Amino acid sequence: MDTAKIKDELIEMIETAKDSASLETVRVSALGKKGRITDLMKSLGGMSHEERIAAGQEFNKLKQEIADLIDRQARQLKKQELDERIANETLDITLSPRPRPKGAVHPISQTMEELMVIFASMGFTLTEGPDIEDDWHNFTALNFPPGHPAREMQDTFFLPDDKDAKEGMQKKLLRTHTSSVQIRHMMANKPPHRIICMGRTYRSDYDMTHTPMFHQCEGLVIDKNINMGHLKGCLQDFLKAYFELDDVPMRFRPSFFPFTEPSAEVDIGCTRAQGEFKIGEGDDWMEILGCGMVHPNVLKNCGIDPDEYQGFAFGMGIERLTMLKYGIPDLRTFFESDPRWLAHYGFDPLQRPNAAHK
Ligand code: PHE
């Protein structure tokens, strides 16, 4: 038996194996159950003691060499095969162009973000309250006398009473203004306060200028020594920032709200000359918000001593602000969910809300 010849043949077969599968065939033919080296090992049984010692060593050496060689070759082939696969397996990761997304940020959301940015820069924090309110937070705590017309059915959407609620809070309704959030905030936190709140409000009304659901933005500032000058300065700064104008003429008109005393409605200067509406110049006025100094009774209702703390509050319609800034003529279109309207008046979701606060 010529082991050198077997060795040479096997080496040749190993080196010429072109892939893992043919190398495996070579391995079986050498080291498998009926392999050539296995046969050699078996032949040891028929040898004399001396022959077996010499041949055993030789066969074992051969077996080890061939096994090592096959291992090395196997690793090399594997690597080669992987390289080939990587080179040939191309994955198309390009994406065919898709139509531009049809969605847009609703103008109401845009305005709310702008309001948030402006008031945040003025040191206000944002609070929230529930849409479903009770009579106490929406009216009683805000100093509405019993039988006040705003409590009547024609304005307020009442819900079934909640018999399990606390005394005085059983009458449920959809909040008619965000002023209820002032109450919730003052009840839950200690003064001083400097908050805004934004959200949906509801009144049973529907025409060119009223929708049963609309949005308000409410501001509340309570501290020691707050006066109407602060209110005026705050609104002036806000209006300039919001309308992105160096000056917005403003006038306070005496008004009435049960929860503020004195109360005012604020008009801003505008012009309607030649059928064009423009804010900030001309001799016309446009009502924009309601405000006033928080009524002492409201402070008392929230456990605040009105001799120690005072403050102001203001409330404005977000739709109105949006219509004025972006020239949207009809309030009702805000809620018609018409994609053409949104495509025209909506905002790019990737654009940051304007924060031109000077
Ligand atoms: N809540 C009032 C309204 O809905 C607005 C307002 C808020 C007025 C705060 C004064 C102070 O009309």
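Me: Is Asn225 buried or exposed?
Reply: Asn225 is exposed, at a relative accessible area of 63%. Exposed means over 50%, buried under 20%, and partly exposed in between, with a 1.4 Å probe and protein chains only.

Me: What kind of model, and what are the ground rules?
Reply: The model is predicted: local features need pLDDT of at least 70, side-chain atom pairs count only at pLDDT 80 or more, and totals for chains, interfaces and linings use all residues. Residues are numbered from 1 along each chain as its sequence is written, and side-chain values use heavy atoms, with hydrogens and water left out.

Me: Back to Asn225. What is its phi?
Reply: About 65 degrees, a positive value although Asn225 is not a glycine. Asn225 sits in the loop between strand E6 (213–223) and helix H8 (228–243). Helices (H or I, at least four residues) and strands (E, at least two) are DSSP runs, numbered from the N terminus.

Me: And Ser337, what is its phi and where does it lie?
Reply: Phi of Ser337 is near 55 degrees, also positive in a residue other than glycine. Ser337 is in the loop between helix H10 (318–326) and helix H11 (339–345). Ser337 is exposed, with a relative accessible area of 68%.

Me: New topic. Where are the cis peptide bonds?
Reply: One joins Pro191 and Pro192, with omega about 5 degrees. Pro192 lies in the loop between helix H7 (179–188) and strand E5 (193–202). Another joins Glu261 and Pro262, with omega about -5 degrees. Pro262 is in strand E8 (residues 260–271).

Me: How many residues has H4?
Reply: H4 (residues 49–88) has 40 residues. From first C-alpha to last it reaches 57 Å, close to the 58 Å expected at 1.5 Å a residue. The expected span is 1.5 Å times one less than the number of residues.

Me: Which helices do the buried residues of H4 pack against?
Reply: H1 (3–16), H2 (20–31) and H3 (36–43). Contact means heavy atoms within 4.5 Å. The buried residues of H4 include Phe59, Leu62, Ile66 and Leu69.

Me: At what angle do H2 and H3 pack?
Reply: About 10 degrees, with their axes 3 Å apart. Axes are lines fitted to C-alpha atoms, for helices over the stretch in contact, and angles run from 0 to 180 degrees between N-to-C directions. That makes H2 roughly parallel to H3; angles under 35 degrees count as roughly parallel.

Me: Which residues meet there?
Reply: Ser29, Ala30 and Leu31 in H2 meet Arg36, Ile37 and Thr38 in H3.

Key: Parallel < 35°, antiparallel > 145°, perpendicular 65-115°, else oblique.
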